[in-house]
Amino acid sequence: MKSTLYVEYQEKQINEKDLVTKAKQLWTESGKKASELTSLQVYVKPEENMAYCVYNDDIKNEFSLD
């Protein structure tokens, strides 16, 4: 089964793949190896125009949806 998740809010649209890609990019830009990433949760708050990440059930980060 193929699935795609989209979040739409106030004429903006973002999909799950883009959110995960951005979260992984932030992980590696912080000096960590991709192989060290074992879990990722992304929480989207469209009313704040933000996404909040939890890496490996412990490390937190955030990014703008713009």
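# Structural Briefing

Leaving aside neighbours within four places in sequence, N49 is in contact with K12, F63, S64, L65 and D66, where contact means heavy atoms within 4.5 Å. The structure is a predicted model, in which local features need pLDDT of at least 70 and side-chain atom pairs count only at pLDDT 80 or more, while totals for chains, interfaces and linings use all residues. Residues are numbered from 1 along each chain as its sequence is written, and side-chain values use heavy atoms, with hydrogens and water left out.

**Overall architecture**

- The secondary structure of the protein amounts to 1 helix and 5 strands; helices (H or I, at least four residues) and strands (E, at least two) are DSSP runs, numbered from the N terminus.
- Along the sequence, these elements follow the pattern β-β-α-β-β-β.
- Taken along the principal axes, the C-alpha atoms of the protein fill a box of roughly 35 × 30 × 20 Å.
- Of the 66 residues in the protein, 24% are buried; buried means under 20% relative accessible area, exposed means over 50%, and partly exposed lies in between (1.4 Å probe, protein chains only).
- Among contacts between residues at least 6 apart in sequence, 26% join residues at least 24 apart.

**Surface and charge**

- The protein exposes about 5,100 Å², and carbon and sulfur atoms supply 47% of this area; accessible areas come from the Shrake-Rupley method with a 1.4 Å probe, and for residues only the protein chains shown count as cover.
- There are 9 positive and 12 negative side chains, and the centres of the two sets lie 6 Å apart.
- In this count, Lys and Arg are positive and Asp and Glu are negative, whereas His and the chain ends are not counted; the place of a charge is taken as NZ of Lys, CZ of Arg, CG of Asp or CD of Glu.

- Strand β1 (residues 6-9) and strand β2 (residues 12-15) run antiparallel and are joined by 4 bridges; two strands pair if DSSP finds at least two bridges between them.
- E8 has Q13 in β2 as its bridge partner.
- This hairpin has 2 residues between the strands, and Q10 takes a positive phi near 45°.

- K45 stands opposite M50 in β4.
- In this hairpin, 4 residues separate β3 from β4.
- N49 is found in the loop between the two strands, and its phi is near 60°, a positive value in a residue other than glycine.
- N49 counts as buried because its relative accessibility is 16%.

**The loop between β4 and β5**

- D57 lies in the loop between β4 and β5 (59-64).
- Although D57 is not a glycine, this residue has a positive phi of about 60°.
- D57 has a relative accessible area of 61% and is therefore exposed.

- C53 lies in strand β4 and is buried, with a relative accessible area of 1%.
- Not counting residues up to four places away in sequence, C53 touches A23, L40, Q41, V42, I59, K60, N61 and F63.
- C53 and A23 are 30 residues apart in sequence, and their C-alpha atoms are 6.8 Å apart in space.
- Y52 also lies in strand β4, but it is partly exposed, at a relative accessible area of 25%.
- Leaving aside neighbours within four places in sequence, Y52 is in contact with Q41, V42, Y43, K45, N61 and E62.
- Between the C-alpha atoms of Y52 and A23, which are 29 residues apart along the chain, the separation is 8.8 Å.

**The nonpolar core**

- In soluble globular proteins, nonpolar side chains tend to be buried together.
- The largest nonpolar core here has 11 residues: I14, L19, A23, L26, W27, L37, A51, C53, Y55, F63 and L65.
- The elements that give two or more residues to this core are α1 (16-29) and β4.
- Helix α1 gives the most to this core, with 4 residues.
- A nonpolar core is a set of buried Ala, Val, Leu, Ile, Met, Phe, Trp, Tyr and Cys residues joined through side-chain atoms within 4.5 Å.
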